[in-house]
Amino acid sequence: MSHTDQSIDVPTLLEISASGALVGSTRRYEKFSGEMAGVYLDEAAWKAEVAGKGADNLVYSVNEHKYQNGPGALIVGTSCVLPGSYGDEYAVTRGHLHAVSDRAELYYCLSGRGVMLLDTVDGGTSAVELAPGQAVNVPGHWIHRSVNVGDEPFVTLFCYSADAGQDYTIIAEAGGMKNLVVHDGPDGWTTVPNPRHTGYRSEPSA
Ligand SMILES: [Fe+2]
């Protein structure tokens, strides 16, 4: 057996805080409001947010620890979605289907309050609310996106196969996910049909 990076292919202590800080992370990426064009139904509200706070205003961030690339390896990380609203919609991550679409993922809520919004390409849909101490086990073949329905950062710990990859275009090509998470109802949120959604293309056969 050979590995390209021996330095991190060893058991590693990770220190994970409720704020999403991850000591031992090997990668961090950040998403800014200017990069979220086309994500929200209310385009004018998104433009107003970008104009008011700037295109470089942070909207979510991810820290991850990846120790190797091969089958069987895991990526462990934290996701932090800042609170926000765009018209009626709550702040979301871009969302994706795993490029290797049968790969599952666990999301465990560390702090805040959010919803995991999920679709399958053939019409299945689900929305699972998460509070600290609660988790959702996202099966393979489910498109998924985190939504912050609270007024504090929504922070999750995630874990999935290192060879899963992400297909982000499947949502954009469908005009967005099947449902929107909007302000309403006794829990402060509900889902409504996304009028722009045109249906998903089939999953890649590979
Ligand atoms: Fe994922």
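Student: How many residues does the largest nonpolar core have, and which of them have the most contacts inside it?

Tutor: Happy to! First, two notes on reading the model. Residues are counted from 1 along each chain, in the order its sequence is written. The model is predicted, so to speak of a local feature we need a pLDDT of at least 70, side-chain atom pairs count only at pLDDT 80 or more, and totals for chains, interfaces and linings use all residues.

Now to your core. The largest one has 37 residues, and those with the most contacts inside it are Tyr-90, Val-115, Met-116, Leu-117, Ile-143, Val-147 and Val-181. Strand E9, residues 114-119, supplies the largest share of this core, with four residues. A nonpolar core here is a set of buried Ala, Val, Leu, Ile, Met, Phe, Trp, Tyr and Cys residues joined through C-beta atoms within 7 Å. A residue is buried when 20 or more other C-beta atoms lie within 10 Å of its own, exposed when there are 12 or fewer, and partly exposed in between, with C-beta atoms placed from the backbone. Strands (E, at least two residues) and helices (H or I, at least four) are DSSP runs, numbered from the N terminus.

Let's zoom in on Tyr-90. Setting aside residues up to four places away in sequence, Tyr-90 touches Ser-85, Val-147, Asn-148, Val-149, Val-181 and Trp-189. Two residues are in contact when their C-beta atoms, placed from the backbone, lie within 7 Å.

Another inside position is Leu-110, found in strand E8, residues 105-111. Leu-110 is buried because 21 other C-beta atoms lie within 10 Å. Beyond residues up to four places away in sequence, Leu-110 touches Ala-18, Gly-20, Thr-78, Pro-132, Val-155, Thr-156 and Leu-157.

Strand E8 also belongs to an open sheet of six strands with antiparallel pairing, in the order E3-E4-E5-E13-E8-E11. The edge strands are E3 and E11 (135-138), each pairing on one side only. Two strands pair if DSSP finds at least two bridges between them. E8 and E13 (residues 154-161) are joined in the antiparallel sense by six bridges, and Tyr-107 stands opposite Phe-158 in E13.

For contrast, visit two loop residues. Ser-25 sits between strand E2 (22-23) and strand E3 (27-32), and with 18 other C-beta atoms within 10 Å, Ser-25 is partly exposed. Leaving aside neighbours within four places in sequence, Ser-25 is in contact with Asn-63, Glu-64 and His-65. His-141 lies in the loop between E11 and strand E12 (143-148), and is partly exposed too, because it has 16 C-beta neighbours inside 10 Å. The phi of His-141 is near 75°, a positive value in a residue other than glycine. Most residues other than glycine have a negative phi.

Finally, step back to the whole chain. There are two helices and 15 strands. Of the 206 residues, 33% are buried. Among contacts with a separation of 6 or more, 71% join residues 24 or more positions apart.
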